Amino acid sequence: MWDDSDVPMNSEPHSPVKELLAAHDAFVRGLALRLAPAPGLAEDVAQQVFLEFLAKEAEWDLSRDIKPLLAAMTRNVARRCWRERMHTLPEVQRELAEHICQLAESREVAWAGEEEKTILRRCLDRLPAKSRRLIELHYYLETSSVEIAQQTDMRPDAVRRALFRLREQLRRCINKFLPAKSL
Amino acid sequence: VHQQISAGQVSVKNHTEEREREALIQGYLEGSLTDDESIRLRSLLQQDPAIADLILTGLRDDLLIRGVVAEWVVASAAKTIHRVRPLHEILERVGMILDSLRRNAWATPAFGATAFAVLLIFFWIWCFGPTAGTPVLAEVQGTGIVLERSRESLAPTPGMSLRDGDILRTSEGATAVVGFAPENTRITILPGTEFKLRGGSHNKRFDLNMGKLEASVARQRPFRPMILKTPHAEARVIGTRFALTVTTNSTRLDVTEGKVRFTRDSDSKFVKVSTGHYAIAAADSQLASLPFTGGLLRMWWSGVQGNTFAKNPRLRNPPDGREVVPDFELAIAETNAVAVHVCGYVHPPVTGNYRFWLEKPPMDFAKTGYAQLAMSPTEDPSEAVTIAQTATPGNGVISPYQAVGATKAPPPIPLVAGRRYYLQANLFIKKGKAELSVFWLPPGQERRVLSSEFLSPWEGK
């Protein structure tokens with residue numbers, strides 16, 4: 001297992017290793033998402049891969065392409081994290097997650113770059129007040145749709161659909177402003 | 001209309017499925033699916049694996065939003081109220097917004113306008129819709145009419161109001177007309193009829209126990225149809241013209257305008273009988289809406305060589321003439337090389353065995369012409385088979401089914417009342433004059449010419 005003490009937390013922010021990792025950030029996160037398509041898990045996997053990579057920085061030959069190495073590490077970490085996550089789920093939900101995982105493995109996921117984040121901020125600013133509040137509640141305050149439904153006397157499905165459509169709306173907005181080459 | 005309804009149903013179903021899919025995907029993305037919902041989403045994924053793309057996109061976009069949301073919330077709060085709203089305030093505002101959304105959906109101007117229009121239409125129908133009159137004996141013709149009220153016989157006079165339970169009896173040569181002023185509804189009770197009112201002054205419900213009536217019914221109020229009951233059936237009328245005839249064994253409905261729902265009492269089966277159609281309710285009859293009887297279609301070609309219809313090139317062309325003839329008794333003027341094709345449907349009045357004859361060709365017909373009668377066991381012409389024919393010129397063979405002028409009775413053909421059967425006769429005249437008649441023998445009746453009341457013209461081209 002990975003140990004906190006091994007991580008060079010005091011690495012310089014613009015060290016060559018970190019720049020290299022930043023260049024492969026989208027690749028690792030996209031792969032992690034395909035291999036571990038569960039809520040929040042891809043982010044955990046990507047972080048773990050970067051930490052493990054940095055922990056063994058001295059072992060890598062950085063003059064060569066590190067993509068295959070990162071891919072292998074991502075696969076290992078994703079497999080491990082996925083297994084751990086599956087142990088926590090009831091059987092029915094585990095079967096669903098495994099089914100989604102099988103389908104996701106063969107699909108392509110383009111990961112968001114910094115440009116996409118900048119556009120997303122603009123899109124968020126353009127949202128009407130009620131949608132902004134929903135974003136705050138769900139993504140900032142981590143309130144689930146079931147909890148929102150209980151607090152607002154609505155059906156959970158209605159809140160879920162509102163969140164689903166809000167995300168779709170943001171995606172359309174991002175695609176509208178994103179240069180064609182990035183799509 | 002069926003197609004539109006089907007398209008609407010499909011659209012509603014698709015919309016419902018889409019809403020369900022959205023809710024389930026969102027539930028997965030936030031990890032709040034129940035076991036049942038997980039099973040359902042898995043089932044949808046098996047049906048449509050493309051849902052996995054939506055899930056992956058959602059996971060990615062959720063991470064993207066989470067990556068910027070903290071910074072964005074702080075920045076936007078600083079721009080507006082310079083502080084982060086407390087959770088309960090945010091929840092309260094969200095609740096208010098969602099409530100407002102729900103309320104506004106019902107209070108949109110479009111909804112208000114639609115509701116107002118519906119109310120207006122309802123009000124208009126209520127105020128200006130068809131009026132409901134009360135039954136009055138409008139006309140009396142002849143002396144043999146009796147009005148029975150509370151077991152007493154009254155002398156009917158025009159203008160007399162009729163009550164629930166009144167029975168009108170008309171004997172031979174007498175006719176009565178029941179009106180419903182101010183509405184334009186009239187029921188003419190023909191001779192030999194027993195007619196009873198049984199619906200009160202506001203409901204048009206009558207019994208026709210025997211005889212015949214002809215009715216012209218104005219459009220009735222919604223949910224208040226005129227209902228006529230006979231010993232065999234019930235006719236439900238909204239607004240139309242029709243005749244209803246009751247005999248000992250059957251009830252016949254003839255609709256000349258509009259549509260009447262006709263229900264047989266014995267099994268509650270019903271047909272909708274529309275303009276130009278009739279139906280019979282009887283124990284041994286099939287309940288069906290059939291076109292009015294009255295004649296046959298006759299077509300003819302001149303300058304015809306040969307004597308068969310199937311192989312004759314001349315007969316592939318449109319006929320030289322076509323007309324509807326009243327019955328199966330045709331006299332062809334003296335002519336040469338003519339082919340005549342008569343076709344239509346026979347409507348048997350009762351179920352039983354029928355016999356058919358070809359009659360009245362010239363004595364030397366075998367030398368000068370050829371006639372053939374064919375009938376189908378259904379109304380499909382392609383199933384027709386020959387049931388009687390003359391000797392074909394040249395070989396002198398007489399059909400085993402029926403020969404012209406034969407003394408031996410033709411074989412019986414079972415027919416069902418309430419159905420119609422395709423019937424056709426072909427006649428070739430090489431030279432001279434010819435006649436063509438078809439006789440039939442219905443069960444329990446005299447042998448006679450097949451007349452127009454049991455025939456209807458072929459409906460094809």
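**Figure 1. Polar contacts between chain A and chain B.** In this predicted model, 17 residue pairs, both at pLDDT 80 or more, are in polar contact between chain A and chain B. A polar contact is a pair of N or O atoms within 3.5 Å; within protein, one must be able to donate a hydrogen and the other to accept it, and residues adjacent in sequence count only if both atoms are side-chain atoms. On chain A, the elements giving two or more residues to the side that touches chain B are helices H3 (41-55), H5 (91-105), H6 (114-126), H7 (129-140), H8 (145-152) and H9 (156-177). Helices (H or I, at least four residues) and strands (E, at least two) are DSSP runs, numbered from the N terminus.

**Figure 2. Salt bridges across the interface.** The rule finds 8 salt bridges between chain A and chain B. Each is a side-chain nitrogen of Lys or Arg within 4 Å of a carboxyl oxygen of Asp or Glu. B:Arg42 pairs in this way with A:Glu95, and the closest N and O atoms are 3.4 Å apart.

**Figure 3. Area buried between the chains.** Chain A and chain B bury about 5700 Å² between them, 67% of it on carbon and sulfur atoms. Buried area is the accessible area (1.4 Å probe) that two parts lose on being put together, summed over both. A:Arg133, A:Arg160 and A:Arg167 supply 13% of the area that chain A buries against chain B, more than any other three residues. In contact (heavy atoms within 4.5 Å) are 57 residues of chain A and 58 residues of chain B.

**Figure 4. The largest nonpolar core.** This core holds 50 residues; A:Val45, A:Phe53, A:Trp82, B:Tyr28, B:Leu41, B:Leu45 and B:Ile55 touch the most other members. A nonpolar core is a set of buried Ala, Val, Leu, Ile, Met, Phe, Trp, Tyr and Cys residues joined through side-chain atoms within 4.5 Å. Leaving out residues up to four places away in sequence, A:Trp82 touches A:Leu35, A:Ala36, A:Pro37, A:Ala38, A:Leu41, A:Ala97, A:Glu98 and A:Cys101. Another core, of 36 residues, lies apart; B:Phe262 and B:Leu287 are among them.

**Figure 5. The loop at A:Ser144.** A:Ser144 sits in the loop between H7 and H8 of chain A. Because its relative accessible area is 18%, A:Ser144 counts as buried (under 20%; exposed is over 50%, partly exposed in between; 1.4 Å probe, protein chains only). Not counting residues up to four places away in sequence, A:Ser144 touches A:His138 and B:Glu30.

**Notes.** Residues are numbered from 1 along each chain as its sequence is written, and chains are lettered from A and ligands numbered from 1 in the order in which they are written. Local features need pLDDT of at least 70, side-chain atom pairs count only at pLDDT 80 or more, and totals for chains, interfaces and linings use all residues; side-chain values use heavy atoms, with hydrogens and water left out.
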